[in-house]
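Here is a short note to read beside the structure. Keep the 3D view open and check each point as you go.

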Amino acid sequence: MARISLQNVSKSFGGDQGPWAVKDFCLEIEDGELIVFVGPSGCGKSTTLRMIAGLDETTSGTITIGGRDVTGLPPKDRNVAMVFQNYALYPQKSVYDNMAFGLRVRGEAKQEIDRRVRAAAVSLDLEFLLDRKPRQLSGGQMQRVALGRALVRDPDIFLLDEPLSNLDAKLRVKMREEIATLHARLGATMIFVTHDQVEAMTLGDRIVIMRDGLIQQAGKPLELYDRPANTFVAGFIGSPEMNLVDGQFFDTGGRLEVRAGDLSVGIPEKTFARSGQNVTLGIRPEHLVISNDSPLEMTVNLVEQIGAQTYLMGTLAGHRMRAVFERRDEIRAGDKLPIAFPSERLHLFDSASGASLRIAQRSGKIGAKENA
Amino acid sequence: MVQDWRIVALFIGSIVLLGVIIGGPLIYAIMLSFYSAKSFIGELQWVGLKNYTSALQDPLFWLSFTNGLIIAISAIVLQVVLGVGIAMVLNKRFLGQTVVRAIAILPYFLPTVVACLIAQWMLDPNYGLLKSILASIGAGMPDWSSHAFTARGTIVLVSVWLWTPFVVTCVLAGLQTIPTQLYEAARVDGAGAWRQFWHVTIPGLRSVLIVVILLRGIWMFNKFDLIWLLTKGGPLNQTETLPTLAYRKSFLEFNLGGGAAVATISFLILAGVILVYLRLFPIDDAKQGR
């Protein structure tokens with residue numbers, strides 16, 4: 001178990017001049033925390049993980065694990081364990097030997113190896129599979145063996161690189177729960193990389209959202225949901241995506257509002273916006289409400305019933321809009337619904353940079369490039 | 001169905017062709033081994049198993065057999081060890097990789113006779129290249145062809161030179177199928193280069209190596225042209241192998257039946273060894289094990 005600190009970590013595969021796969025990555029990970037790196041393909045999340053593992057060298061910056069600078073050290077000297085997307089089990093070794101290999105390499109005593117492998121096998125439900133070869137296992141079992149191989153090593157940190165991506169949807173949910181349980185039981189520091197925002201929201205103590213090698217925002221899952229730092233985070237977290245409407249901000253004698261074509265929405269509190277500034281108004285589909293008092297009308301174009309909820313796609317004052325309500329059987333395509341925007345649920349972003357105008361931006365840290 | 005009889009026709013056609021080209025001579029050779037004959041046109045005389053008994057009682061037969069084994073095994077070991085080593089170097093990324101790969105495979109394109117002539121030209125005790133080089137530093141050179149060890153060594157070296165590229169090509173292809181994540185997992189597990197080689201590379205190459213060793217084994221054990229061109233079985237039968245012995249008996253001693261018997265025994269030994277080998281190292285299992 002250990003604290004991890006990343007200071008201005010950068011990675012370029014083309015030398016000092018870039019292009020940068022990861023740029024100025026700064027993060028403090030507390031002992032026992034489960035951190036999720038999330039973002040679209042090519043955002044640098046896996047590269048960052050591989051730099052922590054020592055599989056990729058850093059171009060600049062420092063990485064410390066448990067107070068020890070490990071930046072230049074090979075993977076074997078970092079006491080990290082890693083779980084790979086395609087499991088990377090040694091195909092010719094049995095489950096037992098796969099888990100024992102790392103300990104044998106480190107010269108552990110035979111009895112100690114046996115004790116640890118069997119303990120890990122029990123905790124991961126693998127006792128009866130120890131003699132099998134990887135090819136005789138299902139995807140979920142292979143993933144558990146990969147976890148077991150990490151577990152027996154008793155590493156300072158666990159690095160998990162999209163470990164659930166190769167599993168089917170049902171198994172993915174089950175393994176997600178197992179990883180959460182494992183983390184709670186071990187209290188180990190874990191870094192989990194995924195492109196799936198649901199995995200990120202459900203697993204992470206904290207989430208780091210990345211794009212183009214830059215951290216967009218880091219924080220607790222609900223913080224990111226409630227106060228996204230920019231339009232990218234706003235769109236990435238939450239499903240269906242947040243509605244974003246481009247307009248202009250006006251401060252007319254103390255009355256604050258955003259006008260976007262025929263749409264005019266009042267803003268209740270002080271923001272960082274200037275009158276006349278081009279802004280993007282955001283509201284999550286699940287925060288729209290049907291209110292008979294509202295003068296705004298949404299024409300429903302498409303209704304999706306998913307059981308507990310009803311998803312709507314429609315047009316409101318010329319803008320495409322998604323809405324999510326508790327199950328409503330009676331809504332049909334072509335219906336016109338009176339819709340209100342609860343003002344406390346509104347988000348406001350600068351159109352040019354995408355940065356939030358409702359939360360103060362810390363310059364030089366999170367999303368620095370976005371706000372420059 | 002039209003398509004069906006076409007497939008059947010193609011199938012039967014190729015079976016007939018194979019039967020004529022391979023089966024015919026094979027059966028004829030086995031048949032010959034039960035007869036005494038001085039030439040292919042002369043009259044055959046039935047002698048039963050006499051050719052076999054006299055072959056098996058002949059010390060030269062057993063000398064040829066052990067010579068063949070020694071030459072084949074040492075050549076295969078060297079070809080595989082060097083082949084894997086060179087393939088691993090060529091598998092790394094470096095400047096001019098494609099050119100070096102092409103050059104490394106070049107010897108495989110040489111006709112055996114050319115390779116043997118080059119070897120003789122280099123090693124000739126009177127005017128060879130090696131002789132001149134040694135002479136220029138004041139050293140002498142023994143006649144390599146007059147000692148059993150050096151004569152066998154020359155055959156092995158030329159075969160290694162000619163066919164290591166074949167092993168390199170196969171192993172290079174095999175190396176590229178090993179997932180890089182296995183090496184990364186091993187590195188995170190703490191394995192150094194040596195352990196990665198034994199626990200990731202060699203198991204990953206298992207199926208390739210099984211096939212390569214089998215093919216090279218068959219080819220080396222049956223090698224005739226190389227040995228005949230380099231030593232003709234000499235000195236004093238020290239590089240005689242079963243194929244050269246069969247040739248010598250048939251075409252130099254005009255004992256067609258005796259030659260055929262040696263060839264048939266050699267064929268049976270090889271078939272037996274291949275069966276045991278495939279039982280020990282099944283190719284299918286190896287593929288699944290990867």
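1. Which residue in β19(A) does A:Glu297 stand opposite? The model is a predicted one. In it, A:Glu297 faces A:Pro338 of β19(A). The two strands behind this are β16 (residues 297-305) and β19 (residues 336-340) of chain A. They pair in the antiparallel sense, over three bridges.

2. Now look at the whole sheet around that pair. It is open and has five strands of chain A, in the order β15-β19-β16-β17-β18. The pairing is antiparallel. At the edges stand β15 (289-290) and β18 (319-326) of chain A. Each has a single partner strand, so one side of each has no neighbour in the sheet.

3. Step back to chain A as a whole. The chain has nine helices and 20 strands. Its C-alpha atoms fill a box of roughly 75 × 50 × 35 Å along the principal axes. Of its 372 residues, 42% count as buried. Take the contacts between residues at least 6 apart in sequence: 65% of them join residues at least 24 apart.

4. Chain A is assigned two domains. Domain 1 covers 4-226, and domain 2 covers 243-371. Between the centres of domain 1 of chain A and domain 2 of chain A, taken over C-alpha atoms, lie 38 Å.

5. Next comes another open sheet of chain A, this one with four strands. Its order is β2-β1-β4-β5, with antiparallel pairing. The edge strands are β2 (20-29) and β5 (68-69) of chain A. Each has a single partner strand, so one side of each is left without a neighbour in the sheet. Strand β4 (residues 60-65) of chain A joins β5(A) through two bridges, in the antiparallel sense. Within this pair, A:Thr64 has A:Asp69 of β5(A) as its bridge partner. Helix α1(A) packs on this sheet and touches β1 (4-12), β2 and β4 of chain A. The direction of α1(A) makes about 120 degrees with that of β1(A).

6. Is that helix buried or exposed? Helix α1 (residues 45-53) of chain A has nine of its nine residues buried, so it is largely enclosed by the rest of the structure. Among the buried residues are A:Lys45 and A:Arg50, along with A:Leu49, A:Met51 and A:Ile52. Just after α1(A), A:Gly54 takes a positive phi of about 95 degrees.

7. Strand β3 (residues 34-38) of chain A is also worth a look.

8. Which strands does β3(A) join? Five bridges link β3(A) to strand β8 (residues 189-194) of chain A, and the two run parallel. Four bridges link β3(A) to strand β9 (residues 206-211) of chain A, again in parallel. A:Val38 takes part in both pairings: its bridge partner in β8(A) is A:Thr194, and in β9(A) A:Val38 stands opposite A:Ile209.

9. Chain A also meets chain B. Here 19 residues of chain A are in contact with 17 residues of chain B. On the side of chain A that touches chain B, β6 (80-83) and α2 (95-105) of chain A each supply at least two residues. By class, this side has 12 nonpolar, three polar and four charged residues.

10. Move to chain B and find two helices. The axes of α2 (residues 50-57) and α12 (residues 256-280) of chain B come within 9 Å and cross at roughly 70 degrees. Therefore α2(B) and α12(B) are roughly perpendicular to each other. From α2(B), the contact uses B:Asn51, B:Tyr52, B:Ser54 and B:Ala55. From α12(B), it uses B:Gly257, B:Gly258, B:Ala261, B:Val262 and B:Ile265. The residues of this contact divide into five nonpolar, four polar and no charged.

11. Finish with B:Trp46, in strand β2 (residues 45-46) of chain B. Is B:Trp46 buried or exposed? B:Trp46 has 9 other C-beta atoms within 10 Å, so it counts as exposed. Leaving aside neighbours within four places in sequence, B:Trp46 is in contact with B:Phe34 and B:Tyr35. B:Thr241 lies 195 residues away along the chain, and the C-alpha atoms of B:Trp46 and B:Thr241 are separated by 27 Å.

Notes. Residues are numbered from 1 along each chain as its sequence is written. Chains are lettered from A and ligands numbered from 1 in the order in which they are written. This is a predicted model: local features need pLDDT of at least 70, side-chain atom pairs count only at pLDDT 80 or more; totals for chains, interfaces and linings use all residues. Domain bounds come from an automatic or database domain assignment. Two residues are in contact if their C-beta atoms, placed from the backbone, lie within 7 Å. Ala, Val, Leu, Ile, Met, Phe, Trp, Tyr, Cys and Pro count as nonpolar, Asp, Glu, Lys and Arg as charged, and the others, Gly among them, as polar. Axes are lines fitted to C-alpha atoms, for helices over the stretch in contact, and angles run from 0 to 180 degrees between N-to-C directions. Angles under 35 degrees count as roughly parallel, over 145 as roughly antiparallel, 65 to 115 as roughly perpendicular and the rest as oblique. Two strands pair if DSSP finds at least two bridges between them. A residue is buried if 20 or more other C-beta atoms lie within 10 Å of its own, exposed if 12 or fewer, and partly exposed in between; C-beta atoms are placed from the backbone.
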